[in-house]
Amino acid sequence: MRRIFLLTFFTLALFAAAQASGLTTRPALTAAASVPKPHIVWKPIPFGAKRKAEMAAYARRHYGINTWRLQQPHVIVEHYTASSSFSSAFNTFVSDTPDSELHELPGTCAHFVIDTDGTIYQLVSLGTMCRHTVGLNYTAIGIEHVGTSDAQILRNPRQLRASLALTLWLTQKFQIKLQNVIGHNESLSSPYHRELYSGWRCQTHGDWRRQDMIVYRNDLRALAGQYGIALGSQPKLRPTGC
Ligand SMILES: [Zn+2]
């Protein structure tokens, strides 16, 4: 009897400990329904042997890894182009010249650009690293939106709908949690942020600030809910040391 009592006691204690640590209550990513792949226009930028070698050299300098390949991405970074046409963004990414701000090769790029009419263009394969966010390129998919402010994109239903559909599809494809769908301006507080070059450790951009990304992520979570998918919670504010 005493043994049974003790066993029951320990079982209950273990259960309570598991609950307290969140092991039994952590929201799981469930594939209740498949998210349809949105229509994507394949419009590749040149990414030949020279640019791949430049990307691998960049990854070596900044992340300590010797590859141009993007493997098992953990983060999606949302951007806007700070321009008003798809063609100007496309031409910038086509050109494999040192960027005007940091003066490094390869040229900057993003995997996707979403036009103001909601057309989704894919410029780079998802298996290839792209230079869009200092500190995160080794593990992040980059999505650009044609526009000049977060608010402009949030107010454009066609562009926002396309963006949410693409992002949700990618979160399911790569099992990425809501907290790792971030705006460029949130890059420094990502737990995946890594930068070996000290001069760039605090470098980020102003596109997609936290307050606008909270709105975006709430919309994304609502869309996920329509498929019975629990994406998890908003990212916690982490100190960046910058
Ligand atoms: Zn950006």
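Colleague: Great. What kind of model is it, and how are residues numbered?

Modeller: It is a predicted model, where local features need pLDDT of at least 70, side-chain atom pairs count only at pLDDT 80 or more, and totals for chains, interfaces and linings use all residues. Residues are numbered from 1 along each chain as its sequence is written.

Colleague: How many helices and strands does the protein chain have?

Modeller: There are 6 helices and 6 strands. Both are DSSP runs numbered from the N terminus: helices are H or I with at least four residues, strands are E with at least two. From the N terminus on, the order is α-β-α-β-α-β-β-β-α-α-β-α.

Colleague: And how much of the chain is buried?

Modeller: Of the 242 residues, 34% count as buried. A residue is buried if 20 or more other C-beta atoms lie within 10 Å of its own, exposed if 12 or fewer, and partly exposed in between, with C-beta atoms placed from the backbone.

Colleague: Now the sheet. What is the strand order?

Modeller: It is an open sheet of 6 strands, ordered β1-β4-β3-β5-β2-β6, with mixed pairing. Two strands pair if DSSP finds at least two bridges between them.

Colleague: Which strands stand at the edges?

Modeller: Those are β1 (41-42) and β6 (181-183); each has a single partner strand, so one side of each is left without a neighbour in the sheet.

Colleague: How does β2 pair with β5 and with β6?

Modeller: β2 and β5 are parallel, paired over 6 bridges, and Val77 has Gly142 of β5 as its bridge partner. β2 also runs parallel to β6, joined by 3 bridges; there, Glu78 is partnered by Gly183.

Colleague: What about β3 and β5?

Modeller: β3 (residues 112-114) and β5 (residues 140-145) run parallel and are joined by 3 bridges. Ile114 has His145 of β5 as its bridge partner.

Colleague: Back to β2: how many of its residues are buried?

Modeller: 6 of its 6 residues are buried. In general, side chains in a regular strand alternate between the two faces of the sheet. In β2, Val75, Val77 and His79 are on one side and Ile76, Glu78 and Tyr80 on the other, and both faces are covered.

Colleague: Which residues have the most contacts inside the largest nonpolar core?

Modeller: Ile76, Ala110 and Val113, in a core of 46 residues. A nonpolar core here is a set of buried Ala, Val, Leu, Ile, Met, Phe, Trp, Tyr and Cys residues joined through C-beta atoms within 7 Å. The elements giving two or more residues to this core are α2, β2, α3 (86-94), β3, β5, α5 (157-174), β6 and α6. α5 gives the most, with 5 residues.

Colleague: What does Val113 touch?

Modeller: Leaving out residues up to four places away in sequence, Val113 touches Phe86, Ala89, Phe90, Tyr121, Leu123, Glu144 and Val146. Contact means that the C-beta atoms, placed from the backbone, lie within 7 Å.

Colleague: Let's switch to α6. Which of its residues are buried, and which are exposed?

Modeller: Met213, Tyr216, Arg217, Leu220 and Ala224 are buried. They cover an arc of only 100° around the axis, which puts them on the same side of α6; the arc is that of the directions from the helix axis to the C-beta atoms. The face turned away from this buried side carries the exposed residues Gln211, Asn218, Ala222, Gly225 and Gln226.

Colleague: What covers that buried side?

Modeller: The cover includes β2, α4 (150-154), α5 and β6. After α6 comes Gly228, with a positive phi near 70°.

Colleague: Last topic: where is the cis peptide bond?

Modeller: It runs from Leu105 to Pro106, with omega near 0°, and Pro106 is in the loop between α3 and β3. As background, most peptide bonds are trans, and most residues other than glycine have a negative phi.

Colleague: Which loops hold Gln72 and His103?

Modeller: Gln72 lies in the loop between α2 and β2, and its phi is positive, near 45°. Gln72 is exposed, with 8 other C-beta atoms within 10 Å. His103 lies in the loop between α3 and β3 and has a positive phi of about 60°. His103 also counts as exposed, with 8 C-beta neighbours inside 10 Å.

Technical notes. Contact = placed C-beta atoms within 7 Å.
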